[in-house]
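Hello,

Here is the structure for you to look at. My notes on it follow below.

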Amino acid sequence: MLHATTSYKHASYSICQGQLRSFLMRSGSWAVGLYENLTKERGMKPLVAMAVIITAGMVVGLFLIVVIGLFMMSKMKQD
């Protein structure tokens, strides 16, 4: 709920913060569900299932860092 003294900039920040919190909660519940699927339905040992999830997360994270870095690079100026 917004108060009368709340500025638009502050309101948009709290909306973005709520969306980020929602995204993190959905990601966490998805990861827990994936862990349970790997251990119970696929029969993996808990340590192996954890290693699979962590390795996949690191690969995705490194890929995103490289892609974002490439998009943020400044273009070479050609005369």
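**What was found**

Setting aside neighbours within four places in sequence, M44 is in contact with L38, T39, A49 and V52. Contact means heavy atoms within 4.5 Å. M44 lies in the loop between α1 and α2. M44 is partly exposed, because its relative accessible area is 28%; buried means under 20%, exposed over 50%, and partly exposed in between (1.4 Å probe, protein chains only).

A word on the source. This is a predicted model, in which local features need pLDDT of at least 70, side-chain atom pairs count only at pLDDT 80 or more, and totals for chains, interfaces and linings use all residues. Residues are numbered from 1 along each chain as its sequence is written, and side-chain values use heavy atoms, with hydrogens and water left out.

Now the whole chain. The protein chain has two helices and zero strands. These are DSSP runs, numbered from the N terminus (helices: H or I, at least four residues; strands: E, at least two). Of the 79 residues in the protein chain, 5% are buried.

Next, T39. This residue sits in helix α1 (residues 8-41). T39 counts as buried because its relative accessibility is 18%. Its side chain reaches the backbone oxygen of Y35 at 2.9 Å. Beyond its neighbours within four places in sequence, T39 is in contact with M44, P46 and A49.

Last, M72. Where is M72 placed? M72 is in helix α2 (residues 46-72). Is M72 buried or exposed? M72 is exposed, because its relative accessible area is 67%.

Best wishes

Methods
Polar contact = N/O pair within 3.5 Å; in protein donor to acceptor, adjacent residues only side chain to side chain.
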